[in-house]
Each structure stands twice: as structure tokens, then as C-alpha cells.
Amino acid sequence: MVVTTLIVLLVLIGLSIPVGAALGLLGLFLDHEFSMLPLTRAMGELAWGTNNEFLLVAIPLFILLGEILLRSGFAEKMYHAMSLWLSWLPGGLMHANIGASTLFSATSGSSVATAATVGTVALPQIHKHGYNEPLFLGSLAAGGTLGILLPPSINLVMYGVLTNTSVPKLYLAGIIPGLLMAGLFVLTIIVACLIKPKWGGKKVQASWGDRFKSLVYLIPPLIIFLLVVGSIYAGLATPTEAAALGVTGALILAACYGRLTLTMLRESVEGAMRASAMIMLIVIASGFLNFVMAATGITNALTSAIEGLGLSPVMMLVALVVFYLILGCFMETLSMMITTIPIVAPIMFALGYDPIWLGILIIVLVEMALITPPVGLNLFVVQSLRKAGSMTAVIIGALPFVAAMLVMVVLLALLPGIALWLPNLAG
């Protein structure tokens, strides 16, 4: 049954069927082939139960927050400020790509929104300043991945729901690894440009006066971050309420900067509705699939097979990393999490791994899926922003950053305190 399930899933994905539909079809197939009872009759109740989760309301709100920030024009000013402060490093504006992505990630919670927003602003700089195109594109795709690690991350919310883990603690745990990851990306660019100085393009000159004046453009993302994350840790709001506060704050800021229009509001709501509908379809389809797999015994068979391997905790961790690296080449990040975590997490918890630490590790592994071909979502986002050129350049440029993520995985495994220090400090 397990082999049949994997084959059918790969075939459905290979046919380019949307992930949510593919998972639902797989559930229907397994129900028809292996179930003695018509499990489809439980679909309505499962769909209601899956969506009737207060914490999940945070997801469309965070998406709407990102859409408002994207369409309000804050990203362009923010990128300009980061370019003035970071362009002196070897690699110039590629560091602004990482810096701006880090800031935007701390407000939007979405990797796709981060890559699209920063990419739209940054792409014209490639030929203007003579940068190595693949590396520049790779920095945009990699910088966007920070959106699912730094709070407020949509994927961390989903992990919290799936494993009944504290989302505020997960948010705290993601801060240091997220900043460290951004630092590794910066280091990757520096090393590449020291080896090949021509890749770094022309230097962007800026006076200290211009730099200090530009700091005002960093205030909006800082305000949103404090509203969202600060309200959670001050005990004033749940993650869902904090997301609503963030949306309110973004609307007020857009009004203050003269960017609040009916057109902007309509486009933001439409974008949020499309993205939310896609995510919730995946959640519903995955919920039904997991129900069918449990009812037909596939989940137990798979769990028993893994446990029967007799792997030590360390070997199981290595197997987990390899599993997600391979799976990330074929599946979209959220659907990968929803389908695998209910099976993987209990096994890892039983081996003694901390739920908070495991959540951060899985998010880093899932981040790699965003920039590994052939289904790396951020690769497609960056490619879609270009006027010409093949996907090959984006893929080649992203590879050094995949290596940096692997270094991050090793650091998390050797030094769990990177993720656990802040949650333990907060109690």
C-alpha cells in the first residue's frame, strides 16, 4: 500500500495537477482501493473540522498583511535604505536583496510575497550595475525563503497546529536561526565575490548623510513587526489577533503615506483571497488524505516500517534530512509539511527530539524546497519577474545558497541552543 501511495502521488504531481487537487485525488483513490467503508462520506465533517481552527485564521490575515505592504510601495523605499547601508560589502546590492528580504519577512510571513516584492524592486539593478546575473537572481530566491522562518511565519503557524506546539515559542525559536541564515547568505555572497570580484558589479556610492536620512524608510516594517510580534510576547494578543493588528497597522501606515486607495485595497483583498483559497484547499485535501491513510492502515504501516529500521536517533535525523531534501524536489512546501509532519513528528518526538527544535529544523529543510528544482516555488517567482532569460540561470544562482542552508542544518543539529535559547529564556 505504501509503495502504491507513493507511485500514485508522484504520477499526479508529474501530471502537473495542482497540489491540493492531487492530494484530494490520492485520498479518493486510496479510499476506493483499500477501504472497506465509504470514507468520502466523512469529507464534509473533515473539511469543517479542519477549517474550524481559530489559529488558522491567522494565515489569510498574514497573507493580507503581506499584500498590503507589497502594494503600498513600502518595499521600494525599504530596499533603497538597505542598498545605502549594505552596498559597500563585496557583492554590493546583492546584500540589499538579503537585507530587504529579511525585513520584509519579519512583516509578511510569506516566502512567495517576499521574493516577489524584493525581486520586483531589485531586478533592474542587475544590468544597471553589472552584476553576475545568476548569483543576483539566486540571492533574491534565497532571500525570499526567510519569509517562512522569521516570525510571523505562516508555515510555523501550520506546524504549531499540526503538532499542538506553542506558536509564540516557535516564533521566538525562529528569530536567531532566521538572522543567522541571513548572515550565511551574506557570507556566501562575500565569498563568491572575493573569488570572482567582477560578479560584484559597480560600487554604489552613498554618503553618511544619505544613509541616516534613509533610516526613516525602515520605520514602517519595524512598526508592523512590533505590532505583530510585540503584542504576542506582551501577552496582549494571540497570533490570530496579532495578525489582525498587523493588517490594521499596515492600513493606517498606507493611509499616512497616501497609499491607501480603493484599487490598492481591492487588489490586496483579491490577492489574499486567491492565496488563502489555495492554501486552505491544500489543508482540506491533506486532512482528508491523512484521514484515509490512517483509516486504511497506511500510516501505521509506514510508521512501523520506519521504526522497524532500528535506526539510532542520529541516523533517524540524517534520514529525515535526506527525506525532506528529496521530497522538496517534487512537492510544494505547505503541502509537504501537512502530509508528512503527522507521520514524521511523533516518531522524532518519541526519539527524544524537542518539538520546538524539530519545527525549526523542518522549516529550514522546507526552505530548501523553495529553491531546489524542479518544483522550487521561489525559482519560478523570480523567473516570472524577468523579461528574458532561462530558468537555468536562477537555478545555478540558487545552488550556493542551498549549500548555506545545509550548513544551517548542521549548525542546528550540533548546537540546538540556536533555536531553543530564546524560548527557554522566555520560559
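Me: Is E133 buried, partly exposed or exposed?
Reply: E133 counts as partly exposed, at 23% relative accessibility. Buried means under 20% relative accessible area, exposed over 50%, and partly exposed in between, with a 1.4 Å probe and protein chains only.

Me: What kind of model and numbering does this rest on?
Reply: This is a predicted model, in which local features need pLDDT of at least 70 and side-chain atom pairs count only at pLDDT 80 or more, while totals for chains, interfaces and linings use all residues. Residues are numbered from 1 along each chain as its sequence is written, and side-chain values use heavy atoms, with hydrogens and water left out.

Me: Which side chain meets E133 in a salt bridge?
Reply: That of R386, at 3.1 Å from N to O. The pair links distant parts of the chain, 253 residues apart: R386 lies in the loop between α20 (377-385) and α21 (391-414), and E133 in helix α9. Helices are DSSP runs of H or I with at least four residues, numbered from the N terminus. A salt bridge is a side-chain nitrogen of Lys or Arg within 4 Å of a carboxyl oxygen of Asp or Glu.

Me: And R386, buried or exposed?
Reply: R386 counts as buried, at 12% relative accessibility.

Me: How many salt bridges are there by that rule?
Reply: The count comes to four.

Me: Which residue does E67 pair with?
Reply: E67 forms a salt bridge with R71, with the closest N and O atoms 2.8 Å apart. Both residues belong to helix α4 (residues 58-71) and are four residues apart, about one turn of the helix. E67 is buried, with a relative accessible area of 14%, whereas R71 is partly exposed at 31%.

Me: Which residues are linked with E67 in a network?
Reply: R71 and E267 are linked with E67 in a network of salt bridges.

Me: What about R266 and E270?
Reply: Their side chains meet in a salt bridge at 3.8 Å, N to O. The two are separated by about one helical turn because they are four residues apart in helix α15 (residues 262-295). R266 is partly exposed, with a relative accessible area of 44%, and E270 is partly exposed at 36%.

Me: Changing topic, where is N132?
Reply: N132 sits in the loop between α8 (125-129) and α9 (133-145). N132 is buried, with a relative accessible area of 18%.

Me: Which backbone nitrogen lies 3.0 Å from a polar atom of its side chain?
Reply: The backbone nitrogen of L135 lies at that distance from a polar atom of the N132 side chain.

Notes:
A polar contact is a pair of N or O atoms within 3.5 Å; within protein, one must be able to donate a hydrogen and the other to accept it, and residues adjacent in sequence count only if both atoms are side-chain atoms.
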